[in-house]
Amino acid sequence: MEMNFSVLGQYGEDLTQKQYITNPAIAREEEIKRLIMTLLTPEKSGLLVGKAGIGKTAIVEGLAYLIQRGEVPNALAGYRVIKVGSSSLVGKITMGGEERLIISLLVDELKNTSKVIVFIDEIHTLIGGRTDGPMDLANILKPILDRGDTKAIGATTTEEYDAYVIRDRAFLRRFEKIEVPEPSEEVTVKILMGTLPKINHQTGAHFKYNEYVTELLVKQIVSATSEFKRIYGLAAMYPDVAFSVLTAAFSNALFENRNEVNILDVYNAIKNSKRIYPDSIIKELTIFREKFARLCEQEGIVLPIVTVDEIRGMDEFI
């Protein structure tokens, strides 16, 4: 292994160098403001805590997006936001015949690097729940965080925070907890509508309808994935659960070599979702047929009536 080995280069992703089609953190202004305020506080780093699938990483990307656009306080101008996977940092490599922890190499590298914000997702894996014992992450990072021009952001789920992070007092002294709540249905609709340009760019497909009808379809997706209709344990939180159905509608169109997403694509995306209970799917499809009967008539599309047995037969998990 070469002595000039770069952890940031090998395992890091520079989020400030990404191409963003739209703001990746739509409707998360308050969380981003709290994160920025924390990063501006001496000897404090940010810890995003919330359920899986609610967009913690998107908030960090939103910060990188604002840095790109020069829309952050002067004290953060010119910073790079580099994402490093926690699974990479728990390993060891051999350098010059000596075995070294990758995270210690990262610290050494950051000592000679300025204006960097390191983002570590699933940071709890570096604190507790490891087979070889918890890592004293706070003290490992102390030499670089004390310098002031190197910052850190961690992200973890609420469950992992309660199980592991809250026990580490040294870590909590350095990381300010920032709660990331699940967005409401109304906000989730806003997030999905704002993300459509990115999906259009990625897939080359788009909804065939005007913005008004498109928003009605998105609202139906969000309604179909509301809290008590979701299958527990499948990252079933807004906006992720609704986003999975929306992107499935685009996949349906692409599978048939179409670049226009129509009402049947959305209907089938809801029908085939593995994150919604079968009984809820049947009810939602009934509402869907009634609400969009006129549009279907105009389009010459017949939405098939589906039974619970058909839904159950599609998924071995149910």
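User: Which runs count as helices and strands here?

Analyst: Helices (H or I, at least four residues) and strands (E, at least two) are DSSP runs, numbered from the N terminus. In this structure, Asp108 and Lys111 both lie in helix H5 (residues 102-111), where they are 3 residues apart, about one turn of the helix. The model is predicted, so local features need pLDDT of at least 70 and side-chain atom pairs count only at pLDDT 80 or more, while totals for chains, interfaces and linings use all residues. Residues are numbered from 1 along each chain as its sequence is written, and side-chain values use heavy atoms, with hydrogens and water left out.

User: What is a salt bridge, and how many salt bridges does the count come to?

Analyst: A salt bridge is a side-chain nitrogen of Lys or Arg within 4 Å of a carboxyl oxygen of Asp or Glu, and by this rule the count comes to 17. One of them joins the side chains of Glu176 and Lys44, at 3.8 Å from N to O. Glu176 lies in strand S8 (residues 175-179) and Lys44 in the loop between helix H2 (29-39) and strand S2 (45-49), so this pair ties together parts that are 132 residues apart in sequence.

User: Which residue forms a salt bridge with Asp108, and which residues are linked with Asp108 in a network?

Analyst: Asp108 forms a salt bridge with Lys111, their closest N and O atoms being 3.8 Å apart, and a network of salt bridges links Arg100, Asp108 and Lys111. Lys177 likewise forms a salt bridge with Glu179, where the closest N and O atoms are 2.8 Å apart.

User: How is accessibility read, and what do buried and exposed mean?

Analyst: Buried means under 20% relative accessible area, exposed means over 50%, and partly exposed lies in between, with a 1.4 Å probe and protein chains only. Glu176, at 34%, counts as partly exposed, as does Lys44 at 22%. In helix H5, Asp108 is partly exposed at 31%, and Lys111 is partly exposed at 41%.

User: Is Asn262 buried or exposed, and where is Asn262 found?

Analyst: Asn262 counts as buried because its relative accessibility is 14%, and it is found in the loop between strand S10 (260-261) and helix H12 (263-271).

User: Which residues does Asn262 touch?

Analyst: Contact means heavy atoms within 4.5 Å. Not counting residues up to four places away in sequence, Asn262 touches Lys208, Tyr209 and Ile301.
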